[in-house]
Amino acid sequence: MMAACPSSAGGYSASGLSVRKSEEIADLIDLFSKMQYRAKEVTPRVEVIEKRCLELFARDYKYSIIHNSNGEVCGHYPRQIVFLEYECTDVERDRFESAVQISKLQDLVNRSKLARCRGRFVCPVILYNGKHICRSSTLAGWGELYGRTGYNYIFSGGSDDTWTESEELPEDDSAVRNGDSQLFDKVRGHDIKLLRYLSVRYICDLMVENKKVKFGLNVTSSEKADKAQRYADFTLLSVPYPGCEFFKDYKDRDYTAEGLVFNWKQDYVDAPLTIPTSFTHNLNIDWTRYQSWDLVEQTQNYLKLLLHIINSDDESGLLVHCISGWDRTPLFVSLLRLSLWADGAVHANLEPAQILYLTIAYDWFLFGHMLPDRLSKGEEIFFFCFNFLKHIVSEKFSAVKKQRRKNSHFKDSDFTVEDLCQLKPKDRGSVTSLSSDFSLITEEAGAASSLTNDTVDLFPSQPQASSWRKGPASSPQMVVWNKAHPLDEHLSHPLTEARSSSSSSSNQSEHGTTRIGSSPLAVPGRRCPLPSERQARLEAVREVFLAAYSSTVGLKSSAPSPSGAITGLLEQFARGVGLRGTSAIV
């Protein structure tokens, strides 16, 4: 199946109301909070969501479909997996052709599905400058691999077409290896072929373990733990990030990520931070202190790393994965999609409500995130993802830092909007006259509604993505950190100015100052009256999400907060955007 791209004028009519769009997202979250997606158990409501995702992708991309009808390839991947071929523009729309043949890609997918945990194969989900950002689970261990191959053999009548391939191992290798190694060679060999066909060079592993162990058995593996070093030609990055269980602590701290530090001394944590030196030298981050970072700083720095990787190589793609690929993986895939969208680099024709719908529905729901289970356990990684947008509004997270903002009043000067925000008021006055900001949450919500209702193209049209080619792989020198640093080594930074308790702490964290905990619903205060387009877009997405979340799931405080701050802010926000929920918020 090949989907054509509509023109910019097509798609959604200008008469669409922002309230309807917000209600559509609320309906999506409501359904998501009650069921996990399964490809073989699709209801009419889910079919609407699937169709809507395809419509949103088609606004900007020409795409083909990787077929997964009834979940025969993976039971908790979308039935119609979108493979983005190239960006569509009105001018010379069909100029570039992808180097990938969809039939060959489908075949590689079918053959490689056993290589990874739960059959969650390497799947391209974002197209950025002709490069694919992919997601998957980690590598399957011997227990799962033998169990699933035996299952396939029995229920296929004594044959398994996964292995009907003429290519075999070199004779000198296969003759000396035992059966286990030969099985791993063949299965992981298909996985490597798929990675290479997608021109993926960088593999970012979010696991805090080298191998997942349960009941004393290795239930999964990872590329970094592959004894035969089959993945040596790829650039492997071990960036350990806490699993979904850690986000119960986030919820129990009244959704405050500032000051929340993962315990790296737990017995099962054995994966060190391992990053190529070429990346560590360019980001101005002290990676040796990663075990002292709180959840905000850790997420920010990892996102900066991922953005740097995809901008450092013009030809090679990126794979991001955790263990099962449905908690930490969608967190970073979603943040990448939204961050690049805010820069106008992807999904240029989508409005805030539309990109929010797409990333919730596709990156989270249709790829199997178990929101009902996570909510029942208080593991609110899903909420954290979209509330975290307030911490990445800065231009420091932009993929197009060098470009002047189109609407900037200072395009002819050496000052950026971010520079001006850091100046004292009297200094700002010497540059230009800046009006005061507004801070009430209802006013912020109103701004979100007006921005969401605007159907005019939000960004200048992007150049078409050229066909990408396979680049040579290498294993650069790596730097490894795994030693915990004592607390007395922490740097202390004095507060430079008083902060309102309802303001976002993102600016403080970015400038190294001590953070003050803030409510998750405290909309980032506009200390600079001329926010960048990036900031405005991300704030709009976050505001629409909070409104929809408050009218469906709501936030549940672990203990009564002073003056019922969380409940009050939720209800105030809901009224501000006209979405007073029927469900109780406790």
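**Close-up views of a predicted model**

View 1. pLDDT, the predictor's confidence in each residue from 0 to 100, stays under 50 over residues 571-586. The model has 36 contacts for this stretch beyond four places in sequence, a contact meaning heavy atoms within 4.5 Å. The protein chain averages a pLDDT of 73, and 60% of the residues score at least 70. Residues 483-519 have pLDDT below 50, with 72 contacts in the model beyond near neighbours in sequence. Where pLDDT is low, predicted coordinates should not be read in detail.

**View 2. Packing of helices α9 and α10.** Helix α9 spans residues 295-312 and helix α10 residues 328-342; helices are DSSP runs (H or I, at least four residues), numbered from the N terminus. They pack at about 65 degrees, with axes 11 Å apart; axes are lines fitted to C-alpha atoms over the stretch in contact, and angles run from 0 to 180 degrees between N-to-C directions. On α9 the contact residues are Thr299, Tyr302, Leu303, Leu306, Leu307 and Ile310; on α10 they are Phe332, Leu335, Leu336, Ser339 and Leu340. By class, the contact has nine nonpolar, two polar and no charged residues (nonpolar: Ala, Val, Leu, Ile, Met, Phe, Trp, Tyr, Cys, Pro; charged: Asp, Glu, Lys, Arg; polar: the others, Gly among them).

**View 3. Lining of the second largest cavity.** A cavity is a set of points on a 1 Å grid over the protein atoms alone where a 1.4 Å probe fits but cannot get out; lining residues have an atom within 4 Å of a point. Ten residues line the second largest cavity, with Tyr250, Ala257, Asn387, Lys390 and His391 nearest its centre. The lining has five nonpolar, three polar and two charged residues.

**Notes.** Residues are numbered from 1 along each chain as its sequence is written, and side-chain values use heavy atoms, leaving out hydrogens and water. In this predicted model local features need pLDDT of at least 70 and side-chain atom pairs count only at pLDDT 80 or more, while totals for chains, interfaces and linings use all residues.

Technical notes:
Helix = DSSP H or I, 4+ residues; strand = E, 2+ residues; numbered from the N terminus. 1 Å grid on protein atoms, 1.4 Å probe; cavity = no way out; pocket = protein on both sides within 12 Å on 5 of 7 lines; lining within 4 Å.
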